[in-house]
Amino acid sequence: MSVAEPTVPPTVASERASDTRDRLRQVFRSGTFLVGLVIVLFWVFCAIFGPAIVPYDPYADDLLNALMPPSAEHWFGTDQLGRDVFSRVIAGARDILTIAPLSTLISTVVGTALGLVMGYFRGIIDEGVSRVVDALLALPTVIVALLALVALGPSNATVVFTIGFTFAPIIARTVRASVLAERELDYVFAAQLRRENAFHIMFVEILPNVLPPILVEATVRLGYAIFAVASLSFIGFGIQPPSPDWGLSISANYGLIGAGYWWTVLFDGSAIATLVVAVNLVADGIQGALDE
Amino acid sequence: MNRAAHLNGSAAAPDALAFEGLQVDYRVRGRLRRVLRGLDLRIGRAASYGLVGESGCGKSTTALAAVGYLPRNGVVSGGRVMVDGRDLSGLAPAELQKLRATSVSMVYQDPGRALNPSMKVGRQLSEAFEFARIGPRDAHDRSVAMLKSVRIADPLRVMQRYPHQLSGGMQQRVCIAMALANNPALLILDEPTTGLDVTVEAEVLDLIQQLREDFQTSILFISHNLAVVAKVCDRVGVLYGGALVEEGSAGELFRNPRHPYTVGLLRCLPERGRRKGDGPLEAIRGSLPSPGAVIQGCVFADRCGLADETCKEIPPPFFDIGHGHLSRCFHHDQPVPRETPSTAMLRGNRRSAHPVLAVENLSKTFNPKGLALPVLRQIELALVPGETLGLVGESGSGKTTFARLVLGLLEPDDGSKVTLDGKPLATRLRGRTLDDVKALQIIFQNPDSALNRAHPIRRIIGRAIRRLSGATGAAVLAKTQELMEAVRVADRYLSARPRQLSGGMKQRVAIARAFAGDPRVVVCDEPTSALDVSVQAAILNLLVDLQARRQVSYIFISHDLGVVRYLSDRIAVLYLGRLMEIGPADQVFAGPHHPYTEALLSAIPSIDTRGAERIRLSGEVPSAVNPPSGCVFHTRCPRKIGAICERQEPPLHRIDARHAIRCHLSVDQLAGPQTGVAAAGKSA
């Protein structure tokens, strides 16, 4: 029997192959994404090279020049110990940009694994895990974090793990919802019909297809994680002195605003705000490109 | 209903719809892709125009352009759309809104999604009237009248219901009623019967024909199904690659097609009575042009058997063949050569008497929220090697459940028995041996869902080979290539991902995967219903070819009886989870057959419209929660004989060695003309 071989004209094939590239190009064409990306990259640069390039040692006291207003010499002024605020803001990116991404990574990995298990097995396993997740979600992150930090003692590692684990349930719920839709697709049945085990189906078959929503969710969580780290540092349970961390600096100096020393707080506050907003802009940009 | 008054008595009423050289582009990720390439068509007053074409040729874009409702990324880049004599491009948004409210209406493919699920039907319908400036009290009365005119027997009761409480056919009637509320000059029906069962489709088509007479509305009927269009339209246009390639009156165009694409489309359908033993189906080679492809000459040249250099360089104009029959082909006066030699296929099927697969007493009851929902009841059938068993029935008849039970994806009720080569199979997949699992595989309906879109083709097929045939290392690649060749997909697609392939190619890959472990039985669950007609034929040919080479048995599930007949050796008819009839394909089609089979067969729309009078099924498929007593079909049976049908479930009685029917009527009565029996039944 002869049946003409079906052929796709090469133009069609190459056009479809460039689909992924188109999508990427679309992400980069989005204004919000680019603005966000530039700001995030700026802070990442500061986190990596900041301490090496700043004009003053961010830890060096200079009590004679304490609480100087912004000037040509000290662009952002000095704090009550006479440390250069500009240098501290630039160098302050390092701790928060280590802790927040690490905790986001932990929450994403744990949350994804939980979500896959809940969505794939459904039934009793889903019910059980879901109730625990609901219970965890009902507790405010800061309260849980406080308890953990009191029990384990404040250290950067504790902050990473507490934020990581308190955010995991939220990611787990998002992943679960995607997996529930995905597991109804026939390729999951096809995998069962060649006797694949549950681990293979969850992590090799389903996971690659739910990565896009996970990526968006992780980016959004990163924004929250930055905020959470700053908050914990502010109340003294996060990053510990003498780090030039932003939350910590605000905490040390906010009493001075009333006295007119606004520069000791404003620039750190702006740093947190720009970073959080920028991360959310990036998340929006990715989401928009995926929706199209 | 007097449109002339609305037009202030202007001399000649303008066309209800006219496209003049319409070009539409979509902006996709920053690139403009042309979807309509200069579409010309006009629909006169009270005319019905059928637009046929395959997916991606611009049907839905045409419909949306007609109401000025293109998606946000759609741009009219040339030409005009005139509705009721008015140019849409010149209208302000408010005027466009008004035009939509008063002159055009649209009915969509999926009535379940077109209706608001949280609003009672009556309220939605009245709203449609109020939108057409009719007061609330009047609107209610008009709603009742309108539901009556779409042949809904009990309008007041229907109006008190929510959409999900109605069947698909009823929902579509309600949608049509809503569309007619503003007494439109133009009614656009976009694949209005595609999601419906064949018996319901027949009802809806009847209704549309009757409404044409009642309302004098112009109709633009869009469909991929040639037979459906042939049934309701006077004039038909064939759309390909965003332009009309042929246009003519329905009868003339289907009898005497003069464009190679139309000829190809008509040849792809299994003709009445054609069987796989008679030779392969005609297929159109290649695939549809992708949206945005730059085409210099004739849009169809790449796939055309007649194309020459001229065709590839110069776009052909319309040639008038007479009687308003137009063809956009330079070679409209030449016969189109056949693509596939019509040699009879190898028929080396030496059938053994021992069934490869047998099910006995196979039942399945779902228990949602404490309800007992028997979806399959005591199915008994067997399959010999190399045989194809066609499984037909409307949606909800249990076809897919049957497939999943056999495959072990669902657990049947206690007492059910499935045997493979005479040995009982574990009911759950987990309890089956590797050999059992290898022996039973499936080809799913939708390749987009069946192939993991994250994995390249090499991995999709390779993994199946590794798991099912135990091959390792270089043997996997060798076997992959062998399978790719068997399903005729070029090796260069090995590293491609599913979305880079066309629908037909994806289904070929899915078929290759199903054959990875040399299966004994393959369940084909509507394998071509998600594909275009021109691709369907090639896939069916492939299935037949693989069967002849590998002696595999098929359980072929389909709602398309033409396809089932072409492919099947035997046919089983399911209704509400019961086996109503089983027998050799020829006998099931030729009769005597079960009254339900008879109704199914007569509901198939055919391009040959001179067919016999159709048997209409009244009522809806009853709910499985509360199946009718006695014979489950008695509520809709045109041949019901009396109380016995309501009291006693008829046995599946054999009318010969291979053919059995579940009916109280005797073979002679079933073979007799239907009207006589029905009359006799009434007098009894």
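User: How many helices and strands are there in chain A?

Analyst: In this predicted model, chain A has twelve helices and zero strands. Read from the N terminus, its elements run α-α-α-α-α-α-α-α-α-α-α-α.

User: Why is chain A called more spread out than a compact globule?

Analyst: The globule rule gives 19 Å for 292 residues, whereas the radius of gyration of chain A is 24 Å. That value is well over the rule, so chain A is more spread out than a compact globule. Along the principal axes, the C-alpha trace of chain A spans about 95 × 50 × 30 Å.

User: What makes a residue of chain A count as buried, and what percentage of the 292 residues do so?

Analyst: A residue is buried if 20 or more other C-beta atoms lie within 10 Å of its own. In chain A, 43% of the 292 residues count as buried. As for contacts in chain A with a separation of 6 or more, 71% are accounted for by residues 24 or more positions apart.

User: Why are helix 11 and helix 12 of chain A called roughly antiparallel?

Analyst: The axes of helix 11 (residues 246–253) and helix 12 (residues 263–291) of chain A cross at roughly 150°. Angles over 145 degrees count as roughly antiparallel, and the two helices of chain A are therefore described in that way. Their axes come within 9 Å, and the crossing is left-handed.

User: Which residues meet where helix 11 and helix 12 of chain A are in contact?

Analyst: From helix 11 of chain A come W246(A), S249(A), I250(A) and N253(A). They meet T264(A), V265(A), D268(A), G269(A), A271(A) and I272(A) of helix 12 of chain A. By class, this contact has five nonpolar, four polar and one charged residues. Asp counts as charged, and D268(A) is among the residues of helix 12 in the contact.

User: How do you know whether the radius of gyration of chain B agrees or disagrees with that of a compact globule?

Analyst: A compact globule with 684 residues would have a radius of gyration near 26 Å, and chain B has 26 Å, so the value agrees. The C-alpha atoms of chain B fill a box of roughly 80 × 70 × 45 Å along the principal axes.

User: What is the secondary structure of chain B, and what percentage of its residues count as buried?

Analyst: Chain B comes to 26 helices and 24 strands. Of its 684 residues, 50% count as buried. Among the contacts in chain B between residues at least 6 apart in sequence, 68% join residues at least 24 apart.

Note on methods
Residues numbered from 1 in each chain as written. Chains lettered and ligands numbered in written order. Predicted model: local features only at pLDDT ≥ 70, side-chain atom pairs only at ≥ 80, totals over all residues. Axes fitted to C-alpha atoms, helices over the stretch in contact; angles between N-to-C directions. Helix = DSSP H or I, 4+ residues; strand = E, 2+ residues; numbered from the N terminus. Parallel < 35°, antiparallel > 145°, perpendicular 65-115°, else oblique. Left-handed = near helix turned anticlockwise from the far one by under 90°. Contact = placed C-beta atoms within 7 Å. Rg over C-alpha atoms; globule rule 2.2 N^0.38 Å. Buried ≥ 20, exposed ≤ 12 C-beta atoms within 10 Å, placed from the backbone.
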